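Dear colleague,

I am handing over the structure below, with notes on what was found in it. Please read them alongside the model.

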Amino acid sequence: MTRWSRRMLFGALAVLVPALGGGVGGLNAPTLEYHPAAFGGYATHEGTTIDNAFVLGSSTGVAVPRASVFFSVTSQDGDRLVSISAPDTAPLVRITGGAVNLPPGTPVDLTGPEPKVVLTGLSSPLMAGSTITMNFNFARVGTITMQVPVEPHAYEYATYSPPPSIPAPTPTKTPKARASASATP
């Protein structure tokens with residue numbers, strides 16, 4: 001092979017290799033775009049981040065009175081998750097154990113398989129693929145409002161436990177008033 005043909009071969013390779021590489025390179029390549037690692041919702045406000053938040057919906061599409069919520073939360077400077085609400089979806093959102101302390105820079109997982117956050121009083125089924133509005137109330141940063149996706153209780157979420165049954169409140173017994181007998185002579 002002559003020197004001229006080697007130069008032509010290397011020149012052709014220099015032109016063809018990028019073209020054969022897929023043609024989607026450059027500054028607008030899809031691989032350069034952000035893609036979440038999971039299906040859940042994400043929100044950040046003043047150093048507090050909620051990661052991979054999702055609601056575990058029914059796999060049957062039938063209305064159930066409760067649904068589980070799973071997520072992880074991190075606060076850069078430390079905070080306290082005081083309460084959660086889901087307006088237009090559930091009249092009550094319970095956090096097992098009450099408010100959650102968030103140490104600085106340490107993720108706190110409120111994830112499965114056992115639910116630590118439960119929506120109660122649902123009147124209609126939560127359909128997989130839909131989203132609900134949830135308000136996460138923190139002591140320091142205030143409220144973070146986000147759209148949280150509903151995932152089916154199937155596939156990769158099949159091993160997650162449904163919300164625990166909440167026992168009916170036991171009625172408290174009130175002492176009966178004693179009739180005072182008055183002695184009549």
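How do the residues of the lining of the largest pocket divide into nonpolar, polar and charged? They divide into five nonpolar, four polar and one charged, where Ala, Val, Leu, Ile, Met, Phe, Trp, Tyr, Cys and Pro count as nonpolar, Asp, Glu, Lys and Arg as charged, and the others, Gly among them, as polar.

Before the rest, please note that this is a predicted model, in which local features need pLDDT of at least 70 and side-chain atom pairs count only at pLDDT 80 or more, while totals for chains, interfaces and linings use all residues. Residues are numbered from 1 along each chain as its sequence is written, and side-chain values use heavy atoms, with hydrogens and water left out. The mean pLDDT (the predictor's confidence in each residue, from 0 to 100) is 80 for the protein, and 71% of its residues reach 70 or more.

About 40 Å³ of space lies in the largest cavity, a volume being the space filled by probe spheres set on the grid points, which are joined across faces, edges and corners. Leu56, Gly57 and Arg66 are among the residues that line this cavity, and its lining has eight nonpolar, three polar and one charged residues.

Turning to the strands (DSSP runs of E, at least two residues, numbered from the N terminus), S2 (residues 48–56) and S10 (residues 142–151) pair in the parallel sense over two bridges, at least two DSSP bridges being needed for a pair. Within S10, Val150 stands opposite Val55, and Pro149 is the bridge partner of Thr131. Strand S9 (residues 131–138) runs antiparallel to S10, joined to it by eight bridges, and a hairpin of three residues connects S9 to S10.

With regards

How values were computed. Helices (H or I, at least four residues) and strands (E, at least two) are DSSP runs, numbered from the N terminus. On a 1 Å grid over the protein atoms alone, a cavity is a set of points where a 1.4 Å probe fits but cannot get out, and a pocket is an open set with protein on both sides within 12 Å along at least five of seven lines; lining residues have an atom within 4 Å of a point.
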